[in-house]
Amino acid sequence: MTITSPIPVIGTSTSPRRRWAALAVLMLPVLLVSVDNTVLSFALPAISESLRPSGTALLWIVDVYPLLLAGLLVPMGSLGDRIGRRRLLLIGAAGFAAVSAIAAFAPSALALIGLRAAMGLFGSMLMPATLSLIRNIFDDPRERRTAIALWAAGFSGGAALGPILGGFLLEHLWWGSVFLLALPMLVPLLVLAPILVPESRDPQPGPVDPLSIVLVMATMTPFVWAIKTAADAGISLAVVLAAGIAVLAGVAFVRRQVTREQPMLDVRLFTIPAFSASVTANLLSVFSLVGFLYFLSQHLQLVSGRSPMQAGLLLLPGLVVTIVAGLLVVRVVPRVRPSHAMAAGLLMNAVGYGIVLVTGTAGSDGALVLAFAVVGAGVGTAETISNDEILGAVPARRAGAASAISETAYETGAVLGTAILGSILNATFRAHVEVPTALSGGAADAASQTLGGATDAARSLGGEAGEALLSSAREAFDSGVAYTAGVGVVLMVAAAAIVVIAMRERRPARR
């Protein structure tokens, strides 16, 4: 990920047409990663009914992919500097496509978790390579800014496509079809990238540091596991030990980066207040979006009884608002403090969650869709400005490291959004759902774990007992949504305050 000059570019064409054609090819993995972040949420009810995972397993199906992605982005960027960024991109694309095809036919929740982990491994090779290649293909600064802006917009565009594509596929095919979306996006990449995308590498790359990679994963994995397990079974010795391991590994990672001459991640960047505050805003914006999608997609399908396609269309306005807000805020920032723009975005997230907090127990689809649009406006605003501030808060020579941290914050936010808000939702659901005595064994356990499991059990039970279970499950789920929204409000308000305080000296960006 870190880019040093000079960097040889093999076969770079001066033709503008070839440069923009190369960008179009590089947009394919960007769209894939962003589509994958939203499309799986729509498959959760079908996965829950088909594979019958526990509540914790369902969360791991979602989280294991961005967890590995977040932990491996920086080391994979370093590997790309060493072996060639296009080569790394092609390896990642081939592996991701193959694993996705297998995941579409996963026979169990455990198998799907393992395959999602492999997707995270190969996915971590895609994003650092695309941004590094774009920076080398476009020598002109004006063209490069446009190209990077389009690269960033690909995330929002993919997020908007995810619900529509997922809804269409789930309405006509089985849940595994959402994983087959990787094939039409990555097969053209494998064919066209060797033709249109020039190879580039760093002649003096930083060393690959296996111990730092281990320490990153030893920090994040136990941390997320502790959150999930505490929500599932309460605080225990195992949870405390896992949290302790995460803290110790995190401290060891920071100490190692500070003492190394060429660190894998320059942690000194976090001593810059504007930088650390912007990373926080970046992470929590994604946190709010992914956490909201986790419960909204299930409510629309399993509580309101809408088809996946109908649910996807209801989410489309909010995702479009996300894109529009990101484009409009660029015109606002030259006239206001960046911190105020970011804080306004985070406060819009809080307002969106506040709407859910007030109306969530009533189960109003209109209120939830409105709330999602407000959250979308907040995410688009805060994400755009935070990414710009992350890069602008550091010297140009350290922009590569800053970009790596920005992408890592994005994926970490995706992990924590589901892990924290999803765990709170599942814990509240289990505390409030009433499982009839007519159910026993595995069916009773599934009904007490997730809304999807309760819906499937109610369908098989039938009669008044089935209706009572279904009604109880839906009320328990919406009660959990209200509790989750309350946590979201508090976190977003706190994040806005952190941004304003940390960046109080920053002035409007005159451009």
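Modeller: A crossing is left-handed if the near helix is turned anticlockwise from the far one by less than a right angle, and right-handed if clockwise. The model is predicted, so local features need pLDDT of at least 70 and side-chain atom pairs pLDDT 80 or more, while totals for chains, interfaces and linings use all residues. Residues are numbered from 1 along each chain as its sequence is written, and side-chain values use heavy atoms, without hydrogens and water.

Biologist: Which way does α12 cross α17, left-handed or right-handed?

Modeller: Helix α12 covers residues 338-359 and helix α17 residues 463-502 (helices are DSSP runs of H or I, at least four residues, numbered from the N terminus). Their axes are 8 Å apart, at an angle of about 165 degrees (lines fitted to C-alpha atoms over the stretch in contact; angles run from 0 to 180 degrees between N-to-C directions). The two helices are therefore roughly antiparallel (over 145 degrees; under 35 is roughly parallel, 65 to 115 roughly perpendicular, the rest oblique). The crossing of α12 and α17 is left-handed.

Biologist: How are α2 and α4 directed, roughly parallel or roughly antiparallel?

Modeller: The axes of α2 and α4 lie 7 Å apart, and the angle is about 20 degrees. Their crossing is right-handed. Residues of α2 that meet α4 include Trp60, Tyr65 and Leu72. The angle therefore makes α2 and α4 roughly parallel.

Biologist: Which residue meets glutamate 49 in a salt bridge?

Modeller: The whole structure has four salt bridges (a side-chain nitrogen of Lys or Arg within 4 Å of a carboxyl oxygen of Asp or Glu). Glutamate 49 is in helix α1, and its partner is 410 residues away in helix α16 (residues 451-461). The N to O distance is 3.3 Å, and the partner is arginine 459.

Biologist: What is the phi of arginine 52?

Modeller: Arginine 52 sits in the loop between α1 (16-51) and α2 (55-83). Arginine 52 is not a glycine, yet its phi is positive, at about 50 degrees.

Key. Contact means heavy atoms within 4.5 Å.
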